[in-house]
Amino acid sequence: MKPRRAVVAGAGIAGLTAAYRLQQAGWAVEVFESEPRAGGRVETIRQHGYCIDTGATAFAARYPIATQLAKELGLSIVDTAPYLGVYRDGRIRLLRLDRLIRSGLRTDVLALSTKLRLARVVFDVARASLRGMLSYDDLRAAAPLDTETARDYIRRLAGDEADAYLGEPITRALLLANSDKVSRVELMSGLVNAVAGRLSTLAGGQAAIIDALLSRVHSVHLNSPVLVLTESADGVRLGYRDPDGITKIAEADACVVATPLPVAATICTQAKTQLDPLNNALRFTQAINVAIGTTRPADTPAFLVQLPTTEDPEICMIIVENNKAPDRAPAGHGLLSVCWEMSAAAAWTQRCDDELVERALQTVLRLFPELRGTIDFTYVRRWPVALPQTRIGVYQRIAEFTSNIDPASRIQFAGDYLSQTGQNTAVAWGNRAAANLDRHHGRSIQTKREEFAHG
């Protein structure tokens with residue numbers, strides 16, 4: 001008996017996870033990717049001894065599903081330095097992620113009166129978490145909280161200073177967006193994430209998980225964008241354009257759509273009614289990442305320095321890559337990743353690389369003047385489609401969409417736009433899509449043989 005056949009649209013971490021799980025269940029799988037490389041927003045560049053994560057940068061402690069996949073694939077997971085920095089009034093104030101409550105009480109980044117007012121936020125977030133409303137990979141239950149921006153929420157409960165030096169640094173680190181541009185759900189979930197107390201990364205770069213999946217998934221077609229997908233009673237038809245520009249058809253028993261949401265809405269015409277409300281509500285931001293290599297490391301133990309808008313309206317954070325993992329820079333060297341806020345990225349994206357590097361260095365040398373004259377490497381990465389911008393109301397649309405996914409459909413969806421964006425969400429929904437298809441359309445060959453043997 002022939003194995004069931006599946007096609008997967010999109011070779012990011014969600015699509016590759018779904019393909020890997022389906023193969024494990026005995027399916028024959030083909031993956032179609034429009035770009036010349038797999039991985040989506042998980043990308044690692046290696047040049048001149050530097051190892052640069054240009055997109056996804058770390059695993060949070062609340063990434064158990066992604067972490068489990070990495071372990072299953074035999075990858076080495078390295079804890080980052082435990083220090084987080086917040087820049088205020090010309091100085092980096094340090095917080096320890098593994099002792100966040102204690103260091104938060106002691107820090108001078110916030111006034112005592114603001115800390116006391118933040119107790120209302122802590123109580124509110126803890127209550128929502130205990131009620132199961134802030135499950136990281138499935139935030140459908142958070143829809144009732146999706147009523148105001150992160151800025152309005154934290155200012156209402158704790159004041160302007162709490163937004164400027166706590167709320168906004170969190171939203172800028174999570175989504176490269178100011179707190180007035182995203183739902184309070186992002187801030188509440190981010191606070192739960194922070195209290196978990198640990199961040200980790202993959203040895204050799206975050207794209208190690210992509211390389212490991214590619215080594216196991218048998219058939220991945222690059223430069224092969226999916227054009228249309230239709231479902232019938234007994235299968236699916238996927239139209240794609242091959243690298244030579246020829247339009248072809250792949251027929252299969254089922255499909256996982258793991259493309260960005262706008263692409264899914266374009267190719268899945270039969271699901272237009274289901275996809276359009278979410279696609280019309282959710283917008284994707286642009287991003288710019290400038291990597292700067294230095295002949296000596298910066299004088300900070302922090303792996304991440306957050307910059308509030310009041311300190312820098314354009315640069316939202318600097319990742320100290322050599323403190324994230326020692327293999328990110330040659331011995332004795334340093335590596336910094338400078339990340340733009342979404343509006344600044346849109347305004348700067350057409351500028352030449354030299355201008356972007358010059359602007360990044362202005363902020364780097366303001367924070368780390370000891371690095372002047374030590375720059376020996378730069379790399380610029382622009383992301384035309386970066387992160388979902390979860391404005392007010394988007395989580396309500398996400399809840400509607402995910403609640404209406406038919407687990408018995410031959411077309412399943414996967415991607416990090418289905419909950420709070422991140423690698424864990426992408427892996428979780430890749431797993432879920434594959435499990436739905438196998439449960440409803442793909443019993444294993446062994447099971448079929450046993451059924452046949454027993455009449």
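Colleague: Why is Leu-176 called buried?

Modeller: In this predicted model, the relative accessibility of Leu-176 is 10%. Buried means under 20%, so Leu-176 counts as buried.

Colleague: Where is Leu-176 found, and what is its phi?

Modeller: Leu-176 sits in the loop between α6 (160-175) and α7 (184-195). Its phi is positive, about 55 degrees, although Leu-176 is not a glycine. Most residues other than glycine have a negative phi.

Colleague: What makes Asn-223 partly exposed?

Modeller: Asn-223 has a relative accessibility of 36%. Buried would need a value under 20% and exposed a value over 50%, so Asn-223 counts as partly exposed. Asn-223 also has a positive phi, near 50 degrees, and is not a glycine. Its loop runs between β10 (220-221) and β11 (226-232).

Colleague: How do you know that Cys-255 and Cys-268 form no disulfide?

Modeller: A disulfide is a covalent bond between the sulfur atoms of two cysteines. The rule asks for two cysteine sulfur atoms within 2.5 Å. The cysteine sulfur closest to that of Cys-255 belongs to Cys-268, and at 7.0 Å it is too far for a bond.

Colleague: Which residues outside its sequence neighbourhood does Arg-410 contact?

Modeller: Leaving aside neighbours within four places in sequence, the contacts of Arg-410 include Cys-255, Asp-253, Asp-234, Glu-231 and Arg-4. Leu-437 and His-441 are also among them. Arg-410 is found in the loop between α14 (394-403) and β22 (411-413).

Colleague: What makes Arg-410 buried?

Modeller: The relative accessible area of Arg-410 is 11%. The limit for buried is under 20%, so Arg-410 is buried. The C-alpha atom of Arg-410 is separated by 19 Å from that of Asp-276, 134 residues apart along the chain.

Colleague: Why is Thr-294 said to be buried, and what does it touch?

Modeller: At 1% relative accessibility, Thr-294 counts as buried. Thr-294 is in strand β16 (residues 287-294). Not counting residues up to four places away in sequence, Thr-294 touches Tyr-50, His-333, Gly-334, Leu-335, Leu-371, Thr-374, Ile-375 and Asp-376. Gly-10, 284 residues from Thr-294 in sequence, is 36 Å away from it in space, C-alpha to C-alpha.

Colleague: How do you know that Pro-169 is buried?

Modeller: Pro-169 has a relative accessible area of 1%, and buried means under 20%. Pro-169 is found in helix α6. Beyond neighbours within four places in sequence, Pro-169 is in contact with Asp-163, Ala-164, Gln-306 and Pro-308.

Colleague: Is Gln-24 buried or partly exposed?

Modeller: Gln-24 has a relative accessible area of 46%. Exposed requires over 50%, so Gln-24 is partly exposed. Gln-24 lies in helix α1, and its C-alpha atom is separated by 37 Å from that of Leu-97, 73 residues apart along the chain.

Colleague: Which residues of helix α8 are buried, and what covers them?

Modeller: In α8 (residues 208-216), the buried residues include Ala-208, Ile-209, Ile-210, Ala-212 and Leu-213. Their cover includes helices α1 (13-24) and α2 (64-72), and strands β5 (59-60) and β9 (199-202).

Colleague: What radius of gyration does the chain have, and why does it agree with a compact globule?

Modeller: A compact globule of 455 residues would have a radius of gyration near 23 Å, and the chain has 23 Å, so the two agree. Along its principal axes the C-alpha trace spans about 75 × 50 × 40 Å. The chain holds 16 helices and 22 strands, and 59% of its residues count as buried.

Colleague: What share of the contacts links residues 24 or more positions apart?

Modeller: Such pairs account for 72% of the contacts with a separation of 6 or more.

Colleague: How many charged side chains are there, and where do their centres lie?

Modeller: There are 52 positive and 49 negative side chains, and the centres of the two sets lie 4 Å apart.

Definitions and conventions:
Residues numbered from 1 in each chain as written. Predicted model: local features only at pLDDT ≥ 70, side-chain atom pairs only at ≥ 80, totals over all residues. Heavy atoms only, no water. Helix = DSSP H or I, 4+ residues; strand = E, 2+ residues; numbered from the N terminus. Rg over C-alpha atoms; globule rule 2.2 N^0.38 Å. Buried < 20%, exposed > 50% of the residue type's maximum accessible area, 1.4 Å probe, protein only. Contact = heavy atoms within 4.5 Å. Lys, Arg positive; Asp, Glu negative; His and termini not counted. Charge placed at Lys NZ, Arg CZ, Asp CG, Glu CD.
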